[in-house]
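Subject: Structure handover

Hello,

Here is the structure I promised to pass on.

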Amino acid sequence: MRYLISALFLLFSLSSGAAPSEAELETAKKELETYFSQLDGDWEGSIESKDYFSNDPDFVFRNKIRLRIKGDSVLVGTFRNGFWYKSGYEYKIIRHKTHALIYAFASDKGWVESFSFTVLLKDINSLTLLWNRSVSNFMVPPSESGSRGHFQGVTVLKRLGV
């Protein structure tokens, strides 16, 4: 609420002809930036993606996704068979103002996988998300489905609890 008051103060000052001081402008800008950088929270939506190098180019992957962002930590959950599951991968987050990059790597023997979510705050209750997944399994022939691939999808997540 304090941030909204600062924004209203700034607008009122500009419209009334009374020029705000440099310090007042700087304070108002910082408070607005803080307000519009509120990535922390629980976000949910559905995502669709395609495997761009698969043997079945018409196959579309669909899944519900949930992100819980809190400071420098993030949890990723997926909805399967009527239940929410925490992802088994350890995701990291890099934040910059209204944007964040969330990523994880996983591997075992000849299999390597990477995931990334590029998110940006569309508005205070909407988060746009670009999802990428790359997988390679060199223990399996390239002709076998799922042995190598790039997946990508885009969606809008909604803030939960509002």
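Below is what was found in it, from the overall fold down to single residues.

First, the ground rules. This is a predicted model: local features need pLDDT of at least 70, side-chain atom pairs count only at pLDDT 80 or more, and totals for chains, interfaces and linings use all residues. Residues are numbered from 1 along each chain as its sequence is written, and side-chain values use heavy atoms, with hydrogens and water left out.

**Overall fold**

The protein chain has two helices and nine strands. Both terms refer to DSSP runs, numbered from the N terminus: helices are H or I with at least four residues, strands are E with at least two. Along the sequence the pattern reads α-α-β-β-β-β-β-β-β-β-β.

The protein chain has 162 residues, and 31% of them count as buried. Buried means under 20% relative accessible area, exposed means over 50%, and partly exposed lies in between (1.4 Å probe, protein chains only). The chain exposes about 10400 Å², with carbon and sulfur atoms supplying 59% of that. Accessible areas come from the Shrake-Rupley method with a 1.4 Å probe; for residues, only the protein chains shown count as cover.

Contact here means heavy atoms within 4.5 Å. Take the contacts between residues at least 6 apart in sequence: 45% of them join residues at least 24 apart.

Two strands pair if DSSP finds at least two bridges between them.

- Strand 1 and strand 2 run antiparallel, joined by 10 bridges. E44 stands opposite R66 in strand 2.
- Strand 2 and strand 3 pair in the antiparallel sense over seven bridges. L67 has V76 in strand 3 as its bridge partner. These two strands form a hairpin with two residues between them, and G71 in the turn has a positive phi of about 60°.
- Strand 8 (residues 126-137) and strand 9 (residues 148-159) run antiparallel, joined by 11 bridges. S136 has R148 in strand 9 as its bridge partner.

**The core**

The largest nonpolar core holds 23 residues. Such a core is a set of buried Ala, Val, Leu, Ile, Met, Phe, Trp, Tyr and Cys residues joined through side-chain atoms within 4.5 Å. L67, Y91, I102, F117, V119, L127 and L129 touch the most other members. Strand 1, strand 2, strand 3 (73-80), strand 6, strand 7 (111-123), strand 8 and strand 9 each supply at least two residues of this core.

L129 is worth a look. Not counting residues up to four places away in sequence, L129 touches I47, L67, F117, T118, V119, G153, V154, T155 and L157.

**Salt bridges**

How many salt bridges does the structure hold? There are six. The term means a side-chain nitrogen of Lys or Arg within 4 Å of a carboxyl oxygen of Asp or Glu.

- E44 with R66: the closest N and O atoms are 2.5 Å apart. E44 lies in strand 1 (residues 41-51) and R66 in strand 2 (residues 60-70), so the pair ties together parts that are 22 residues apart in sequence. E44 is partly exposed at 22%, and R66 is partly exposed at 27%.
- R62 with E48: the closest N and O atoms are 3.0 Å apart. R62 lies in strand 2 and E48 in strand 1, so this pair ties together parts that are 14 residues apart in sequence. R62 is exposed at 56%, while E48 is partly exposed at 45%.
- E90 with K92: the N to O distance is 3.8 Å. E90 is exposed at 63%, and K92 is partly exposed at 40%.

A106 is found in strand 6 (residues 99-108). Is A106 buried or exposed? A106 counts as buried, at 12% relative accessibility. Leaving aside its neighbours within four places in sequence, A106 is in contact with Y89, W111, V112 and E113. A106 and Y89 are 17 residues apart along the chain, with their C-alpha atoms separated by 7.0 Å.

Best wishes
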